[in-house]
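Please look over the sequence and the model first, and then follow the report below, which moves from one part of the structure to another.

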Amino acid sequence: MKHLILVLMGMLCLHFSFSQVQTVKKSNEIILKGNVTNKSNGRPIPFATIHFSALESLHEEKYVVSSDSMGIFNLKIVRGDYLVRSTIIGYLLFEDKINTDNFIAEKRLNIELTSESKMLEEITVEGKKKNMEMVPGGFKYNVGGLASSTSNSLELLRRVPLMMSDGATNIQLQGKEPVVYINGKRLLLSGQDLANYLKQIPSIDIESVEVLTNPTSKYDSDGEAGILNIKLKQKSISGLFGNISSNVSTLFGTDQGGTINYRKDKLDLSASYNFTYREDHYVRNNRFNNKLLPDSSRFFKQDMVSDKADRGHSAKFAIAYSLDSSSTLSGSFWAAFYHSNSPWIINSEIVDNEGLLTSKYTQNDKNLINNRFLLYDLAYEKNFRNKSKLNIAGNISRYNNKALNSYDRMFFNTDGSPIEDKFAEDRKMETERPYKSYSGTIDYSNKSFLNGEVNLGMKYTSTTTESSFRNYLYDSSKQRYINDGQLSSELNFNETIAAAYGSYSKKLNHFSYQIGLRFEAFKYDLNTTQLEDAYSNDYSNLFPNLNISYSKGENAPRYSLSYGRRIQRPRYPMLNPFLNTSMLGLYTRGNPVLQPYFTDKIEFQISKNYGKGNFVMLSASFNQSNDMYNSAIRFDEKYNMPVSDYENSWILKQYGIYLVTQNKFGRFSINTYLSGGYNNFNSGTKTDQFFSEMFSFVGNANLSYDFTKSTNIWLFGYYVSNSTMFQTKNLATGSISAGIQQKLLKNKLALSMKIEDMFNINDHPVMIMNQSFNLDVNNKLKSRYLSFGVQYNFGKTFGKKNTIDQKKDNRTE
């Protein structure tokens with residue numbers, strides 16, 4: 001062994017010695033040749049100035065040269081790393097980093113300059129990309145010209161295939177909320193908070209959206225709907241750029257925001273701010289049929305009205321610094337503050353089994369919510385010459401929720417005179433829930449490993465939630481609120497997830513494949529002073545995935561088969577065991593021993609690009625979930641009321657198919673999405689009743705027409721059919737919206753107007769059924785409204801101006 005080590009050391013010494021000899025013999029100077037051309041038409045640009053600065057001292061210009069009348073230049077230059085800048089009147093500043101060590105006589109430096117008139121229309125001029133590209137686990141949608149016809153990423157997502165969005169707060173992927181990533185980094189946000197974050201990202205900053213219905217092992221394993229990865233453009237032009245936008249609707253509602261980005265040399269700074277205010281008139285009709293209650297109080301007819309007002313502020317600051325030509329250090333901070341006021345007025349009639357009115361009750365609810373989010377991100381990225389990349393990132397998320405809820409419930413005779421009832425009460429609830437999450441990731445990729453690509457990574461996440469819930473009952477004899485110990489709680493929830501993954505992909509002739517495996521170890525502890533026993537869960541799982549595809553060429557059909565396994569973990573509110581009594585007719589509570597469930601999914605896809613900008617994709621899938629958790633409604637004799645609990649007793653098999661098309665006919669473009677599914681479900685509890693299984697479908701269409709290069713109108717509509725899932729039935733709904741956009745001032749200014757749900761048909765009817773309880777619900781928001789928007793883009797490039805008077809320069813033709 002000792003001799004083997006000496007031999008290896010000797011070989012290494014010889015290797016390094018030979019390398020040094022070769023370096024000495026290698027000339028330290030080269031003749032660098034290049035061309036300067038117009039990027040849009042390829043024509044040579046004469047007399048452009050090219051500056052070369054060494055990366056270790058960017059403030060010093062080491063070389064300056066000008067292109068000749070044919071756009072050609074030659075320069076004797078020392079080998080090394082340089083920042084190249086080129087500029088001439090009428091064109092944007094060009095910047096790029098080069099390494100001249102490997103330049104040979106046949107290799108030329110090609111500098112393509114962009115006309116200044118197109119600066120704000122396209123900061124990054126894109127090549128001819130397909131609208132849709134298949135990627136392992138889903139597809140990539142290249143935004144292209146769509147970015148200029150929408151103002152922010154939330155609006156843009158509405159037009160991405162498989163996505164559904166109301167343009168205000170909700171985004172769904174195949175009917176469920178997806179897990180959202182930005183440039184591969186997960187956002188720990190949902191609902192209104194996620195919408196506020198997405199509104200801060202201008203559409204023109206988005207390069208593509210990856211829709212992953214069967215994600216690879218690189219991504220976290222939780223989330224049934226799948227992954228949405230929004231990729232932002234990588235700006236390469238030094239300058240100061242930004243936009244301001246304002247939208248006002250007849251709800252009344254408004255969105256005000258702006259972004260600004262500064263980039264020069266190694267430094268990139270950005271900041272954004274968004275203010276949102278929205279009023280909604282919300283009407284809800286509930287019809288409770290409690291089969292096990294006495295005939296005198298069997299049927300509740302509830303009519304609920306709320307004038308809701310939401311207000312939010314959010315701001316983001318980001319910085320990126322290039323340490324050298326191959327590594328970058330970046331950080332960001334995002335803060336958001338959200339306030340909601342949603343009072344409810346409930347008027348209810350209580351009817352007996354014969355349909356006769358027996359009594360009435362009224363309930364006045366007050367609901368105030370104040371949320372605060374703070375997100376901190378820090379990342380380091382290193383690119384190596386062997387086509388490998390290393391990313392190290394950390395995230396801190398802090399969230400605090402404060403809520404004040406109260407209700408006053410009073411009962412009356414049919415003639416309006418007050419009566420006593422055991423459910424008549426005046427309660428006040430105070431909730432405070434601080435949330436902290438810390439995560440760290442290490443990702444490594446190598447695109448030249450065994451003629452394929454390998455990806456490796458690790459992630460660790462620690463989350464702590466503290467919940468303080470105080471329920472006070474008004475005592476009329478003492479004239480004050482008294483803490484109700486049975487309905488109050490102090491609860492601490494801690495969870496950790498440690499993960500590691502690996503994947504390998506390779507192309508073999510017409511075939512390509514990707515195989516991956518993810519390991520996750522999960523642990524949580526739930527402690528409360530109100531219960532004797534603490535609850536905990538500790539488990540580890542493997543999540544394999546496989547993707548195989550086949551295509552004979554770029555314009556040939558592409559066939560893809562994928563398999564993946566995912567997990568759905570119960571969220572904190574589902575584990576909270578304390579009773580919520582605010583809705584008379586149906587109480588709710590969580591289950592602290594709720595277990596996660598797994599979903600295995602297999603999907604087959606066929607896709608084809610044809611013509612200019614046309615695309616079609618057909619997909620068929622099957623997935624199965626065992627021991628699935630879901631809410632189960634059963635009558636609780638202790639409270640003499642139906643109670644909704646969560647439990648692991650459900651089995652679900654889903655069969656799905658969808659069709660996506662994109663077509664462009666001259667100035668017309670139309671995108672369509674149609675999906676159908678059949679749910680096969682049952683329960684481990686034989687006495688449970690379900691709705692009948694049925695085939696359901698979802699469809700949408702987006703029609704766009706360009707009157708001119710600066711005027712665009714669009715029409716968007718969607719329809720969701722009846723669907724059933726266990727004890728719940730969602731009835732059909734849909735809407736049709738339209739809009740127009742006009743660009744002015746060389747596309748710097750955009751004016752828009754749209755009408756949402758023009759026929760006022762969008763509502764959300766739901767039916768719930770079990771052996772002891774039926775509920776019919778119709779939810780209706782004020783969904784028809786006009787919206788007016790304005791957006792202004794501004795910018796200026798940095799660089800030394802060419803001060804030569806070309807009229808006096810005899811080289812000018």
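## A covered helix

Helix α3, which spans residues 191-199, is mostly covered, since 8 of its 9 residues are buried. The buried residues of α3 are Q192, D193, L194, A195, N196, Y197, L198 and K199. As with everything that follows, this description rests on a predicted model.

## The protein as a whole

The protein has 813 residues, and buried residues make up 46% of them. Its secondary structure consists of 4 helices and 45 strands. The accessible surface of the protein comes to about 40,100 Å², and 56% of that surface belongs to carbon and sulfur atoms.

Contacts can also be sorted by how far apart the two residues lie along the chain. Among contacts between residues at least 6 apart in sequence, 64% join residues at least 24 apart.

## Two open sheets

Strands of a sheet pair through backbone hydrogen bonds, and the pairing can be either parallel or antiparallel. Strand β1, which covers residues 29-38, pairs with β7 in the parallel sense over 5 bridges, and N35 stands opposite N110 in β7.

Another open sheet has 4 strands in the order β3-β2-β5-β6, and its pairing is antiparallel. Its edge strands are β3 and β6 (94-99), each of which pairs on one side only. Neighbouring strands of this sheet are turned by 20 degrees against each other on average, again with direction ignored. Within the sheet, strand β2 (residues 49-54) and β5 run antiparallel and are joined by 6 bridges. In β5, T87 is the bridge partner of T49.

## Aromatic rings that meet

How many aromatic pairs does the structure hold? There are 32 aromatic pairs in the structure. One of them is the edge-to-face pair of Y63 and Y82, with 6.1 Å from centre to centre and 65 degrees between the planes. This pair links distant parts of the chain, for Y63 lies in strand β3 (residues 63-66) and Y82 in strand β5 (residues 81-87), 19 residues apart. Y63 has a relative accessible area of 16% and is therefore buried, and Y82, with a relative accessible area of 2%, is buried as well.

F373 and Y399 form an aromatic pair that is tilted, with 4.5 Å from centre to centre and 35 degrees between the planes. Since F373 lies in strand β22 (residues 357-383) and Y399 in strand β23 (residues 388-412), the pair ties together parts that are 26 residues apart in sequence. F373 is buried, with a relative accessible area of 7%, and Y399 also counts as buried, at 13% relative accessibility. Elsewhere, F288, F300, Y361 and F411 form one aromatic cluster.

## Charges over rings

Aromatic rings can also be considered together with charged side chains. The charged end of K428 sits over the ring of Y481, at 4.7 Å from the centre of that ring. Likewise, the charged end of R565 sits over the ring of F598, and here the distance from the ring centre is 4.4 Å.

## Two residues and their surroundings

If its neighbours within four places in sequence are left aside, T465 is in contact with R433, P434, Y435, L491, N492, F493 and Y572.

M694, by contrast, lies in the loop between β36 (668-683) and β37 (695-708). With a relative accessible area of 25%, M694 is partly exposed. Apart from its neighbours within four places in sequence, M694 is in contact with G677, Y678, N679, N722, S723, T724 and K729. One of these partners, N722, is 28 residues from M694 in sequence, and the two are 8.4 Å apart in space, C-alpha to C-alpha.

Key
Residues are numbered from 1 along each chain as its sequence is written. This is a predicted model: local features need pLDDT of at least 70, side-chain atom pairs count only at pLDDT 80 or more; totals for chains, interfaces and linings use all residues. Side-chain values use heavy atoms; hydrogens and water are left out. Two strands pair if DSSP finds at least two bridges between them. Helices (H or I, at least four residues) and strands (E, at least two) are DSSP runs, numbered from the N terminus. Rings of Phe, Tyr and Trp (its six-membered ring) pair if their centres lie within 6.5 Å; planes under 30 degrees apart count as stacked, over 60 as edge-to-face and the rest as tilted. Buried means under 20% relative accessible area, exposed over 50%, partly exposed in between (1.4 Å probe, protein chains only). A charge sits over a ring if NZ of Lys or CZ of Arg is within 6 Å of the ring centre and within 35 degrees of the ring normal. Axes are lines fitted to C-alpha atoms, for helices over the stretch in contact, and angles run from 0 to 180 degrees between N-to-C directions. Contact means heavy atoms within 4.5 Å. Accessible areas come from the Shrake-Rupley method with a 1.4 Å probe; for residues, only the protein chains shown count as cover.
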